[in-house]
There are 2 protein chains.
Amino acid sequence: MRDAYHEELDSIGDGLVEMARLVGSAIGRATTAILDSDLKLAEAVIEADQRVDELQHELEARAITLLARQQPVATDLRIVVTSLRMSADLERSGDLAQHVAKLARLRYPERAVPHDLHATILEMGQLAQRLMAKAAEVIITKDVDLALQLEQDDDAMDLLHRTLFQHLMDDRWKHGIETAVDVTLLGRYYERYADHAVAVAKRVVYLVTGEHADDLQSDNIQPTTQVEGA
Amino acid sequence: MRDAYHEELDSIGDGLVEMARLVGSAIGRATTAILDSDLKLAEAVIEADQRVDELQHELEARAITLLARQQPVATDLRIVVTSLRMSADLERSGDLAQHVAKLARLRYPERAVPHDLHATILEMGQLAQRLMAKAAEVIITKDVDLALQLEQDDDAMDLLHRTLFQHLMDDRWKHGIETAVDVTLLGRYYERYADHAVAVAKRVVYLVTGEHADDLQSDNIQPTTQVEGA
């Protein structure tokens, strides 16, 4: 029974990595769609989110079946419960990528992002995609140091977000209210996306160390156990 | 053992109701704080969110202990897993109320909301608070019809959100970019708050009927079981 159990646990882990891969690709492509005002690409991103939602439902069902049949305790139980939370974070990240794509579609054939903010939004999109790629790597490797590194990347996102706001608040802003609203929402979508990627990584830290990531300093981590398949 | 078990389950349900009560109060008070530019009230809301976070951690710990000790299956298992999700929704709602309060503090002693949007923001705040009060009632009563009613209230929130955007996009908008950005974010906070309240209610529907609320019509519900203490 233990073997079937760990296989099932591994397959939940694989599902999480697959979700992270999909939503990472989604935010990258949504960013391209909004910067290039590419309607087809935007619609592809919007449609692809369905697969992410399906994966989440599958993962949830599998986790609940596992809890019922195998009745795990201690670390194994924590892994399953934490996996449920990670899948919720990843599903929500997918929604946020979809929001970016929907804004691209709404403004098509116009561009939602003015030229002088193109570079900032590109950077936010790229950083979001990198954060999710790292979160996936953290799920695979259970590398606590890499997980804590994501918080620094998130600081970079906050900085980009502030840059965006400085542009908006600048007296020389000449793009009108509609664009200000679009850019405000876009900034919020990328920031929240990054928060969810960081949350995924933090949950792995919790699994590995038994401590919430907020309570840890990078240099005094005491891994209590090696976990697999989360 | 079953009695201790159901007592524990009930106390998780009580914790969820308490969280809903706290975040319902928070959004009401945050709305007052931003409309009146009341710094003290804003700070009280910001500080009070800590209790919501603590409650979530307590509930999580209790749910995990319950899973490990009692190893529930079937409906009981669903209740515990779903409770974990509800507590996440409620915690996030608390964050959003806190965001409203933080915006009030940031703009103090100025008012973030211009006079001609006062009524709309007041309505959004009141509706958000009512939605959460109903969500709490749904947790207590497991009333599926009331839960489905929340979706209609959420439509009213969407309408208010659109009204807000129409104001923003109106050529006669005379409040400048900063206020446009503030109002955009505020609208988003209330909309997301309402989404979480609806999500809480939907999860109760799932517990009672075994079906996701999206798959249900109000008139063809087949409760499969009576659940308690969710």
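In this predicted model, Arg51(A) and Glu54(A) sit three residues apart in helix α2 (residues 39-70) of chain A, and are therefore separated by about one helical turn. Side chains of opposite charge can pair when their charged atoms come close. Here the two residues do form a salt bridge, with the closest N and O atoms 3.2 Å apart. Over all chains, the count comes to 24 salt bridges.

Arg107(A) lies in helix α3 of chain A and Glu178(A) in helix α6 (residues 176-209) of chain A, so the pair ties together parts that are 71 residues apart in sequence. The surroundings of the two partners are worth a look as well. Arg107(A) has a relative accessible area of 16% and is buried, because the cut-off for that class is under 20%. Glu178(A), at 38% relative accessibility, counts as partly exposed.

Arg107(A) also forms a salt bridge with Asp182(A), and here the closest N and O atoms are 2.6 Å apart. With Arg107(A) in helix α3 of chain A and Asp182(A) in helix α6 of chain A, this pair ties together parts that are 75 residues apart in sequence. In this case both Arg107(A) and Asp182(A) are buried.

In chain A, helix α3 (residues 74-107) has 34 residues and reaches 50 Å from its first C-alpha to its last, close to the 50 Å expected at 1.5 Å a residue. Of the 34 residues of α3(A), 27 are buried, so this helix is largely enclosed by the rest of the structure. In chain B, helix α3 (residues 74-107) also has 34 residues, and its reach from first C-alpha to last is 50 Å, close to the expected 50 Å at 1.5 Å a residue. α3(B) is mostly covered, with 27 of its 34 residues buried.

Glu91(B) is located in helix α3 of chain B and is buried, with a relative accessible area of 16%. Between Glu91(B) and Arg51(B) there are 40 residues of separation in sequence and 9.9 Å in space, C-alpha to C-alpha. Arg203(B), for its part, has its place in helix α6 (residues 176-209) of chain B. Its relative accessible area of 23% makes Arg203(B) partly exposed. The C-alpha atoms of Arg203(B) and Arg85(B) are separated by 8.2 Å, although the two residues are 118 residues apart along the chain.

Charge also gathers on the surface of chain A. Asp3(A), Glu7(A), Asp10(A) and Asp14(A) form a negative surface patch. One of these residues, Glu7(A), lies in helix α1 (residues 2-36) of chain A. Glu7(A) has a relative accessible area of 59% and is exposed, because the cut-off for exposure is over 50%.

Conventions:
Residues numbered from 1 in each chain as written. Chains lettered and ligands numbered in written order. Predicted model: local features only at pLDDT ≥ 70, side-chain atom pairs only at ≥ 80, totals over all residues. Heavy atoms only, no water. Patch = residues over 30% accessible without salt bridge, like charges linked within 9 Å, V, L, I, M, F, W, Y side chains within 5 Å. Areas by Shrake-Rupley, 256 points an atom, 1.4 Å probe, with all protein chains shown as cover. Salt bridge = Lys/Arg side-chain N within 4 Å of Asp/Glu carboxyl O. Lys, Arg positive; Asp, Glu negative; His and termini not counted. Charge placed at Lys NZ, Arg CZ, Asp CG, Glu CD. Helix = DSSP H or I, 4+ residues; strand = E, 2+ residues; numbered from the N terminus. Buried < 20%, exposed > 50% of the residue type's maximum accessible area, 1.4 Å probe, protein only. Expected span 1.5 Å × (residues − 1).
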